[in-house]
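Look over the sequence and the fold shown below. The report then takes the parts in turn.

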Amino acid sequence: MNPFLQAALEEARIGLTEQGIPIGSVLVIGDEIVARGHNRRIQNGSAILHAEMDCLERAGRLTAADYAQSTLVSTLSPCDMCSGAALLYKIPRILVGENKTFQGPEAYVRSRGVELTILNDPNCIELMTSFIQNSPSLWNEDIGLPPELS
């Protein structure tokens, strides 16, 4: 397994042990992880702390040159909000663990020049599949699906 995806998966598992949504992310510059994060919406009562947003927040203020050399790694295809953050900071590469359980705006992200790689890693797929089966209401809340449509 890609070592950066492995680190993101470790973050996802931390989130699960905290009774949260098991999605993890790391920000890589060169060959170094500069920040880690996981979905903390449940833990922090937050509307926006998806894994990628948590990771970017934990990276702190970086320069445009830093972002231009970076790769955002996530266990799950980034949603509209997280993809938008990557586009805002002009992160040129996104490495995704899987997009079988959820697919963000991948075509749009690619159309904006981002190199998007989908690995469809079985560990990431199993983690999300199991979580969605065991906690459908939390999952639906996280992706913004109203209860009447779940």
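This is a predicted model: local features need pLDDT of at least 70, side-chain atom pairs count only at pLDDT 80 or more; totals for chains, interfaces and linings use all residues.

The sections below describe the sheet, a helix pair, the spaces inside the model and one database record.

Five strands form an open sheet with mixed pairing, in the order β2-β1-β3-β4-β5. At its edges are β2, residues 32-38, and β5, residues 115-118, and each of these pairs on one side only. On average, neighbouring strands of this sheet are turned by 15° against each other, direction ignored.

Strand β1 covers residues 24-29 and runs antiparallel to β2, with six bridges joining the two. Two residue pairs can be picked out along these strands: Val28 stands opposite Ile33 in β2, and Leu27 stands opposite Ala35 in β2.

β1 and β2 form a hairpin, and two residues lie between them. Gly30 is in the turn and has a positive phi of about 65°.

## Helix α3 and its neighbours

On the α3 side the contact is made by Glu52, Met53 and Leu56, and on the α5 side by Met81, Cys82 and Ala85. By class, the residues of this contact are five nonpolar, no polar and one charged.

## The largest pocket

Rolling a probe the size of a water molecule over the atoms shows where empty space is left. In this model, the largest pocket holds about 170 Å³ of space. Its lining consists of Ile48, Leu49, Met53, Leu56, Glu57, Gly60, Arg61, Tyr67, Ala85, Leu88 and Tyr89.

Which helix gives the most to this lining? It is α3, with three residues. Helix α5, residues 80-88, and α3 each supply at least two residues of the lining. Met53, Leu56 and Ala85 take part in the contact of α3 with α5, and these residues also line the largest pocket. By class, the lining has eight nonpolar, one polar and two charged residues.

## The cavity

How many cavities of 30 Å³ or more does a search of the whole structure find? The search finds one. The largest cavity has a volume of about 40 Å³.

The residues lining the largest cavity are Ser77, Pro78, Ser83, Ile94, Pro105, Glu106, Val109 and Leu116. Five of the lining residues are nonpolar, two are polar and one is charged.

## The annotated span

The UniProt record, an unreviewed entry, places the feature "domain: CMP/dCMP-type deaminase" at residues 1-116. In the model, the end C-alpha atoms of residues 1-116 lie 17 Å apart.

Methods. Residues are numbered from 1 along each chain as its sequence is written. Side-chain values use heavy atoms; hydrogens and water are left out. Two strands pair if DSSP finds at least two bridges between them. Helices (H or I, at least four residues) and strands (E, at least two) are DSSP runs, numbered from the N terminus. Axes are lines fitted to C-alpha atoms, for helices over the stretch in contact, and angles run from 0 to 180 degrees between N-to-C directions. On a 1 Å grid over the protein atoms alone, a cavity is a set of points where a 1.4 Å probe fits but cannot get out, and a pocket is an open set with protein on both sides within 12 Å along at least five of seven lines; lining residues have an atom within 4 Å of a point. Grid points are joined across faces, edges and corners, and a volume is the space filled by probe spheres set on the points. Ala, Val, Leu, Ile, Met, Phe, Trp, Tyr, Cys and Pro count as nonpolar, Asp, Glu, Lys and Arg as charged, and the others, Gly among them, as polar. UniProt positions are given in the numbering used here, feature names are shortened, and annotations may be inferred rather than shown by experiment. Contact means heavy atoms within 4.5 Å.
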